[in-house]
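Biologist: Hi! Could you walk me through this one?

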Amino acid sequence: MKTLLHICCGPCTIYPFRILQEMNCEVTGYYFNPNIHPYLEYRRRAESLDAYSKEAGIPVIWGDYPLERYFRATAHREEDRCRLCYTLRLEEVARRAKTLGFGGFTTTLLYSKYQKHQIIREVGELIGQQENIPFVYLDFREGWQEGITMSRKMGMYRQGYCGCLYSEKDRYQSVGAAKVPC
């Protein structure tokens, strides 16, 4: 099946891409991540993916960076920000997949043990029904360590947070950085 794979970053692509290839899927990546902040982090992840995709032979569609859409979707709804973020990204991927004639879509978000897996599945399946294109649900988490090992071996940039401003705050605040006086 011709599958559009939403890609959040290079390291998270390694294992899902291999599994989809083993399933005889014709995979094209789609980098669409308006949640990633700051912009330099967004670019760094894109550059890492670009290098890996060329090495692995993965065609990639490069989406735009509508940061404002992300903040409009999540502002004043921070407690549900992950669901809103997944929805924003997967709606875009499903529409693009349908428009370009793909047989289905999925996401590398299903690889991370830190993402809200059940919400991703629910959102993906609902959007797939609404857009009339199958959401390919696969639990890629069993390849978590394999992806980490491979990405380190390749010297890939590995980020320390999901990408959104909220998760960056949570990450650094938890280590006490936010307690430093201004």
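Modeller: Happy to! Helices here are DSSP runs of H or I with at least four residues, numbered from the N terminus. Keep in mind that this is a predicted model.

Biologist: Good to know. Where does T74 lie, then?

Modeller: T74 is part of helix 3, which covers residues 67-74.

Biologist: And is T74 buried or exposed?

Modeller: Buried, because its relative accessibility is 0% and the cut-off for buried is under 20%.

Biologist: Which residues does T74 touch, leaving out those up to four places away in sequence?

Modeller: With those set aside, T74 touches R81, L84 and Y166.

Biologist: Switching to helix packing: at what angle do helix 1 and helix 6 pack?

Modeller: Helix 1 (residues 14-22) and helix 6 (residues 144-153) pack at about 115°, and their axes are 8 Å apart. Angles of 65 to 115 degrees count as roughly perpendicular, so that is how helix 1 and helix 6 are described.

Biologist: Nice. Which residues meet there?

Modeller: From helix 1 there are I14, Y15 and R18, which meet E146, G147, M150 and S151 of helix 6. Sorted by class, this contact of helix 1 with helix 6 has three nonpolar, two polar and two charged residues.

Biologist: How many bridges join strand 1 to strand 4?

Modeller: Four, and strand 1 (residues 2-7) runs parallel to strand 4. As for T3, its bridge partner in strand 4 is G104.

Technical notes:
Residues numbered from 1 in each chain as written. Predicted model: local features only at pLDDT ≥ 70, side-chain atom pairs only at ≥ 80, totals over all residues. Heavy atoms only, no water. Helix = DSSP H or I, 4+ residues; strand = E, 2+ residues; numbered from the N terminus. Buried < 20%, exposed > 50% of the residue type's maximum accessible area, 1.4 Å probe, protein only. Contact = heavy atoms within 4.5 Å. Axes fitted to C-alpha atoms, helices over the stretch in contact; angles between N-to-C directions. Parallel < 35°, antiparallel > 145°, perpendicular 65-115°, else oblique. Nonpolar A, V, L, I, M, F, W, Y, C, P; charged D, E, K, R; others polar. Pairing = 2+ DSSP bridges.
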